[in-house]
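Q: I would like to learn how to read domains, contacts and cores in a model of this kind. Could we go through them one after another, with the structure in view?

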Amino acid sequence: MNNRIREYRARFNLTQEDLARKVNVRRETIVFLEKNKYNPSLRLAFDIARVFESKIEDIFIFE
Amino acid sequence: MKKAVVVFVVAALVLITTGLWILSSAGKFTPFDLVTFGIIICVVGFAVFVGYKRLTSARRGEPAEDELSKRILQKTAAWAYYVSLYLWVAMLFIKDRVKLDTEELIGAGILGMAVSFAVCWLIFNFRGVRNE
């Protein structure tokens, strides 16, 4: 599964730390997500999509 | 914050116990004791590193543990368990070939378990965990 978190983060002018705080995870988790080393839970995926005011499928791309 | 403090408390307890062991040995150390002492220091160093990571997360206003760290811990525990099973079989094999006291054998086994846990944690922390 790929994702566009980095792209959305840049668009919303958020640092990894800001996003981590907003979705209540550690910064390392955002780093791992952006490097595609971790697939988030449905809950976290929804939380991230909510922060970026987008749909889950716009941010997470299942291949 | 509490979880970070717990790690430091456990590390301190291990160090205090090791200190007591050194004092009661009165300087009579075998090479095996020195290796054991070195491994204990490495394991305590690893615990302090984990505690420090949790503390910095807490200071940044992030949770000390989240879904990724819990997943890494679960995977680490599962792998370390399998490695430990094999380790004890290997220890029994070694016991028949190398002269070891029961104390030394159990001590080496426990330290081996701690080291296998630390190594598995480092691997999963570096490689990441994909739910696939």
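Predicted model: local features only at pLDDT ≥ 70, side-chain atom pairs only at ≥ 80, totals over all residues.

Q: How many residues of domain 1 of chain B are in contact with domain 2 of chain B, and how does the domain 1 side divide by class?

A: Here 7 residues of domain 1 of chain B are in contact with 9 residues of domain 2 of chain B, and the side belonging to domain 1 has 5 nonpolar, 1 polar and 1 charged residues.

Q: How many residues does each chain bring to the contact between chain A and chain B?

A: Chain A and chain B each bring 15 residues. On the chain B side, helix 3 gives the most, with 3 residues, and by class that side has 7 charged, 5 polar and 3 nonpolar residues.

Q: What is the general idea behind a nonpolar core, and which residues have the most contacts inside the largest one here?

A: In soluble globular proteins, nonpolar side chains tend to be buried together. The largest nonpolar core in this model has 14 residues, and those with the most contacts inside it include A:Ile30, A:Leu33, A:Tyr38 and B:Leu68. Helix 2 (16-23) and helix 3 (27-34) of chain A, as well as helix 3 (67-95) of chain B, each supply at least two residues of this core. Another core, of 5 residues, lies apart from it and has B:Phe117 and B:Cys120 among its residues.

Q: Beyond its neighbours within four places in sequence, which residues is A:Ile30 in contact with?

A: With those neighbours left aside, A:Ile30 is in contact with A:Gln16, A:Leu19, A:Ala20 and A:Val25.

Definitions and conventions
Residues numbered from 1 in each chain as written. Chains lettered and ligands numbered in written order. Core = buried A, V, L, I, M, F, W, Y, C linked by C-beta atoms within 7 Å. Buried ≥ 20, exposed ≤ 12 C-beta atoms within 10 Å, placed from the backbone. Helix = DSSP H or I, 4+ residues; strand = E, 2+ residues; numbered from the N terminus. Contact = placed C-beta atoms within 7 Å. Nonpolar A, V, L, I, M, F, W, Y, C, P; charged D, E, K, R; others polar.
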